[in-house]
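Biologist: Hi, I've just opened this one. Please walk me through it.

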Amino acid sequence: MVRPWVEEVTFPVLLDREHLLTELYAISNVPTVVWIDEAGGIVRPNGVAFGTDTFKEFTGVESKPHFDAIRRWARTGELPMSADEARQAVADLSEDEVLARLHFRIAAYARRTGDEDAARRHFARAGELAPFDWTVRRAALPLTGGDPFGQEFFDMYGQWQEAGSPYHGIPAQRA
């Protein structure tokens with residue numbers, strides 16, 4: 001199912017059916033970027049960043065400041081924060097967020113094994129527990145027949161904005 005999309009890709013691709021990466025790095029939104037150095041250390045924990053300005057008008061986030069910071073790191077070794085700041089920058093997931101991810105995993109497994117009723121039930125419970133976790137709510141949309149770019153997404157986005165745009169990670173710097 002994934003192979004046709006990655007056959008010509010020349011960089012590593014992670015297929016994470018269980019969404020373990022998002023749990024390990026406390027990622028709750030997309031796009032999220034984590035800077036990892038050659039030794040496998042986290043230089044900058046998860047935070048909002050965009051690879052282009054395609055959605056700048058929608059998000060208010062410009063890609064250039066992030067790219068400039070990456071260039072400084074690559075060229076001069078300038079870190080965006082100290083190691084202590086990086087360790088403290090992103091809080092652990094709450095109990096509800098962890099439970100939501102468990103429900104998401106159960107739902108994904110139920111869907112893969114053909115139990116659509118259990119899948120819908122667990123996807124719904126995951127969304128109730130973590131209503132602003134896009135790796136749970138938005139990721140469930142195509143798995144439950146929804147459109148992750150449709151009206152349901154825009155409704156969720158509006159609710160998220162009304163709640164103050166909570167983000168589990170380093171927030172975006174608005175343009």
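Modeller: Let's start with S1 and S2, which form a hairpin with five residues between them. In the turn, Gly-40 has a positive phi of about 90 degrees. Strands (E, at least two residues) and helices (H or I, at least four) are DSSP runs, numbered from the N terminus. This is a predicted model, so local features need pLDDT of at least 70 and side-chain atom pairs 80 or more, while totals for chains, interfaces and linings use all residues. Residues are numbered from 1 along each chain as its sequence is written, and side-chain values use heavy atoms, without hydrogens and water.

Biologist: In which sense do S1 and S2 pair?

Modeller: Antiparallel, over four bridges (pairing takes at least two DSSP bridges). Val-33, for example, has Gly-47 in S2 as its bridge partner.

Biologist: Why is S2 largely enclosed?

Modeller: Because six of its seven residues (42–48) are buried; that means under 20% relative accessible area, with exposed over 50% and partly exposed in between (1.4 Å probe, protein chains only).

Biologist: New topic: how many residues has the largest nonpolar core?

Modeller: It has 12, including Phe-104, Phe-123, Leu-129 and Val-136. A core here joins buried Ala, Val, Leu, Ile, Met, Phe, Trp, Tyr and Cys through side-chain atoms within 4.5 Å. Helices H6 (95–112), H7 (116–129) and H8 (134–143) each give two or more residues to this core, and H7 has the largest share, five.

Biologist: And what is Ala-126 in contact with?

Modeller: Ala-100, His-103, Phe-104 and Val-136, leaving aside neighbours within four places in sequence (contact is heavy atoms within 4.5 Å). Apart from that core lies another, of six residues, among them Trp-134 and Trp-160.
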